[in-house]
Amino acid sequence: MALAPRLDLRQTQSLVMTPQLQQAIKLLAASNLEIESFVGDALEANPLLEAGAVSRDGDTGPDDGAGAADDIPRDEVTSDRLMAQGQGESEAPLDIDASALDRDRDTGASDVEWGASLRDAEWGAAGSGGGLGGSGYAGEDALPDITSTRASETTLAEHLDAQIGALACNPREAFVARHLAGLLDEAGYLTADLAEIGRDLGVDMDCIEDALEVVQMCDPTGVGARNLAECLRLQAREADRLDPCMAALIDNLDLVARGEVARLKRLCQVDDEDFGDMLRELRSLDPKPGLAFATSSDMAVIPDILLHAKDDGGWDIRLNEATLPRLVVNRDYYVELSAGSPDEETRGWLKEKLADAHWLIRALDQRQRTILKTAAEIVKRQDGFFRRGVAELRPLTLREVAEEIDMHESTVSRVTSNKYLHCDRGCFELKYFFTSGVARTGEGSDGEGASSEAIKARIKALTDAEDPKKVLSDQKLADMLNEEGFELARRTVAKYREAIGIGSSAQRRRAKKLASIGQ
């Protein structure tokens, strides 16, 4: 068969995402800070876009006060609000109050057409039922507290820098000490190699060690240590408690962790009473002195969704308007520029910018609607958690939410990424509410499983309440949980126990023994 070049014409079908659709998908997964940055870039690039301000009555207008023509209303991004009927009430519709988006057909349509409009959803809150009791991990005390974040805005390096100048003997030593302070981790430890630092700065080891001593003289005591033992030793010396007995105890922290009391008493050459005093003093020291200060990566979490309980037992779900971008299209400015632009190229550019502005407003509005719709379904499924705590957290998957709100699973995954919900129990990432679970039998199960978080909470409650003389083994924990309706094997219990940082029965027995000695 002869080989020769030829031209063939083939017709195929394929799905291709336009640049605007790709951008819309990125907006869906973006956090509020990323949205703010994106909107800022759009405002700089598009002269027809303006940032709006919210007035007391909730209307939106431009910051500069310029009004649009009376016959040409401005486009704007509006906030949505959901209110649902709650527990103990009859079912009521989930109202979505959103302003209609004005679409001008004469400016050209965007090649991104959003799907079907939001349908009215109706659901009733989960019925009340008996749940797991417990404290500690299962109770409200174990939940994140939005007010518990560090208020200090001074970083550890800044705090040390203010002291080094007065402690250093000369400018060279102060320079090296400030360099070392900048290398400390957030706990206050120096993990870098001193010899390597000396080579980088071109100074000898004596200068490095002198500078490190300056750092270790600073407040808080213990910063600049290269390991835990050195950190505790610095604090004990500052408190004038670094006698030979305490030094021997600090040098054998591995034996303290293993609970080898008899061996420690022999090494420290103390009796039971003195050993108990030494343990109490050791516990009073701070193993991470740097955590009292802010770090460069500290950032307060700003919730995207606000959840409040209504007086009638329902839920009020709304977007955090303080974080929402407010955009308006100044169409009277567009008309003015179009009238003063005789050439077709300029008018085409203006139409393109107007279409881009319309698309961005629709994209942001649809993003807000999708976030609210997803959050409403999560609140419906996890009603018990919001009312009674983590012990009532139910197993939930992205697929279940996606099927209920008629969206793709990948869309729900993007919506729940980097989004936070604030309620009376704290501030939680939406991903927190999606947990695996195990089957649950017995009364009060309602045919539903139990989430892994609820099981961890129950394990924590059982180990906290156990008798120090009769520490519960993994098999005993499994038997107790099975009696409560959780179908768990011993290895599964061990996996959950290790996941929440609870030691084995032998480790807990030694820890409780040490705690009783130090009391």
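Trainee: Why is Asp467 called partly exposed?

Mentor: Asp467 has a relative accessible area of 38%. Buried means under 20%, exposed means over 50%, and partly exposed covers what lies in between, using a 1.4 Å probe and protein chains only. A value of 38% falls in between, so Asp467 counts as partly exposed.

Trainee: What kind of model is this, and how are its residues numbered?

Mentor: This is a predicted model, in which local features need pLDDT of at least 70 and side-chain atom pairs count only at pLDDT 80 or more, while totals for chains, interfaces and linings use all residues. Residues are numbered from 1 along each chain as its sequence is written, and side-chain values use heavy atoms, with hydrogens and water left out.

Trainee: Thanks! Where is Asp467 found?

Mentor: Asp467 sits in the loop between α17 (452-464) and α18 (474-483). Helices here are DSSP runs of H or I with at least four residues, strands are runs of E with at least two, and both are numbered from the N terminus. Asp467 and Lys512 are 45 residues apart along the chain, and their C-alpha atoms are separated by 9.4 Å.

Trainee: What makes Asp383 buried?

Mentor: The relative accessibility of Asp383 is 1%. That is below the cut-off for buried, so Asp383 belongs in that class. Asp383 lies in helix α14 (residues 383-388).

Trainee: What about Cys169 and Cys231: how are they classed?

Mentor: Cys169 reaches 68% relative accessibility and is therefore exposed. Cys231 has 0%, so it is buried.

Trainee: What makes Glu404 and Arg381 a salt bridge?

Mentor: Their closest N and O atoms are 3.9 Å apart, which is within the limit, so the pair counts. This pair links distant parts of the chain: Glu404 is in helix α15 (residues 398-404) and Arg381 in helix α13 (residues 344-381), 23 residues apart. Through shared partners, salt bridges join Glu377, Lys380, Arg381, Glu400 and Glu404 into one network.

Trainee: Which residues gather in the patch of negative charge on the surface?

Mentor: Asp204, Asp206, Glu209, Asp210 and Glu213. Asp and Glu count as negative, and a patch takes residues with over 30% relative accessible area and no salt bridge, joining like charges within 9 Å and nonpolar side chains (Val, Leu, Ile, Met, Phe, Trp, Tyr) within 5 Å. Glu209 has 42%, so it passes the area cut-off. Glu209 lies in helix α6 (residues 205-216).

Trainee: What is worth noting about the backbone at Asp240 and Asn418?

Mentor: Most residues other than glycine have a negative phi, and most peptide bonds are trans. Phi of Asp240 is near 60°, a positive value, and Asn418 also has a positive phi, of about 60°. Asp240 is in the loop between α7 and α8 (244-250), while Asn418 is in the loop between α16 (409-415) and β9 (420-423).

Trainee: Which peptide bond is cis?

Mentor: The one from Asp219 to Pro220 is cis, with omega near 5°. Pro220 lies in the loop between α6 and α7 (228-238).

Conventions
Areas by Shrake-Rupley, 256 points an atom, 1.4 Å probe, with all protein chains shown as cover. Salt bridge = Lys/Arg side-chain N within 4 Å of Asp/Glu carboxyl O. Charge placed at Lys NZ, Arg CZ, Asp CG, Glu CD.
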